[in-house]
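Reader: Hi, I'm new to this one and would like to walk through it with you. Could you put it up first?

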Amino acid sequence: MNHLAGHALTPRLTDGIGFPFLMLLVSGGHCQFLLVRGPEDFTRLGGTIDDAPGEAFDKTARLLALPQPGGPSVEAEALKGDPARFRFPRPLLDREGCDMSFSGLKTALLRTRDEVMQGNRLTAQDRADLCAGFQRAVVDVLAEKTRRALALYLADAPANPVIAVAGGVAANRAIRAGLETVAADNGVRFTAPPLSLCTDNGAMIAYAGLERFASGARDGMDLSARPRWPLDQTNAGMLGGGKKGPKA
């Protein structure tokens with residue numbers, strides 16, 4: 001099984017939604033919009049061209065001396081901060097399409113941190129405000145790109161439109177709220193897995209396997225492991241290749 005397929009099919013396990021649906025798969029190593037038409041039918045509408053949001057959260061946490069994993073740490077600090085104090089960039093919003101970039105956002109946070117440090121130390125409020133500003137920028141980028149991906153999805157006039165989010169970063173409540181607002185603005189159902197099913201887990205893989213089995217797919221014991229396995233087999237990978245193949 002492709003573990004990304006496990007994430008992408010989680011809404012069918014938890015909510016029984018039908019095909020096709022729009023999926024934002026957002027995790028530590030991946031971020032992509034997928035049009036999901038079947039258990040093995042995925043079309044990528046856009047994705048990150050560099051760091052995934054989870055990577056950016058982890059790196060932000062390290063820059064601010066917060067515990068790992070970075071996502072929960074940054075989210076907790078952001079609750080205590082002012083998201084308007086520091087204005088971070090919203091990468092690629094000036095370009096058409098659904099592709100995203102988060103590497104420059106991390107660099108902007110590093111520079112801002114260095115500007116406000118006093119004697120090589122950050123105050124507690126500085127740290128909270130930096131986290132709040134960073135998280136707000138991520139939410140804004142994901143929300144706007146989701147609007148664009150949703151427009152492409154709705155152009156096919158699905159009978160029961162649904163937008164879903166899955167992956168480790170889907171546990172972030174601010175991101176969920178931003179996506180839920182986009183869905184509500186467009187009259188589309190929004191669904192997200194329970195927190196226990198956001199990160200890699202056996203339930204999603206077992207369910208994805210059931211979907212494949214029900215469709216008639218069978219694999220022999222000679223099946224080779226694929227450490228890199230893009231869900232969309234028709235579009236070129238976005239994150240490089242090498243001997244193991246494209247990452248996504």
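Reader: Is F86 buried or exposed?

Author: This is a predicted model, and in it F86 has a relative accessible area of 12%, which is under the 20% cut-off, so F86 counts as buried.

Reader: And what about F88, buried or exposed?

Author: F88 is buried too, with a relative accessibility of 2%.

Reader: Where does F88 come up in the nonpolar core?

Author: The largest nonpolar core has 65 residues, and F88 is listed with M23, F102 and F134 as those with the most contacts inside it. Helix α6 gives the most to this core, namely 13 residues.

Reader: Switching to rings, how many aromatic pairs are there?

Author: The count comes to three aromatic pairs. In one of them, the ring centres of F57 and F134 are 5.1 Å apart and the planes stand at 85°, which is over 60, so this pair is edge-to-face. Because F57 lies in helix α3 and F134 in helix α6, the pair ties together parts that are 77 residues apart in sequence, and both F57 and F134 are buried.

Reader: How do the rings of F86 and F88 sit?

Author: Their centres are 6.4 Å apart and their planes are at 40°, so that pair is tilted.

Reader: Back to α6, at what angle does it pack with α4?

Author: Helix α4, residues 70–78, and helix α6, residues 124–154, pack at about 110°, with their axes 7 Å apart, and they are therefore roughly perpendicular to each other. The residues of this contact divide into seven nonpolar, one polar and three charged.

Definitions and conventions: Residues are numbered from 1 along each chain as its sequence is written. This is a predicted model: local features need pLDDT of at least 70, side-chain atom pairs count only at pLDDT 80 or more; totals for chains, interfaces and linings use all residues. Side-chain values use heavy atoms; hydrogens and water are left out. Axes are lines fitted to C-alpha atoms, for helices over the stretch in contact, and angles run from 0 to 180 degrees between N-to-C directions. Helices (H or I, at least four residues) and strands (E, at least two) are DSSP runs, numbered from the N terminus. Angles under 35 degrees count as roughly parallel, over 145 as roughly antiparallel, 65 to 115 as roughly perpendicular and the rest as oblique. Ala, Val, Leu, Ile, Met, Phe, Trp, Tyr, Cys and Pro count as nonpolar, Asp, Glu, Lys and Arg as charged, and the others, Gly among them, as polar. A nonpolar core is a set of buried Ala, Val, Leu, Ile, Met, Phe, Trp, Tyr and Cys residues joined through side-chain atoms within 4.5 Å. Buried means under 20% relative accessible area, exposed over 50%, partly exposed in between (1.4 Å probe, protein chains only). Rings of Phe, Tyr and Trp (its six-membered ring) pair if their centres lie within 6.5 Å; planes under 30 degrees apart count as stacked, over 60 as edge-to-face and the rest as tilted.
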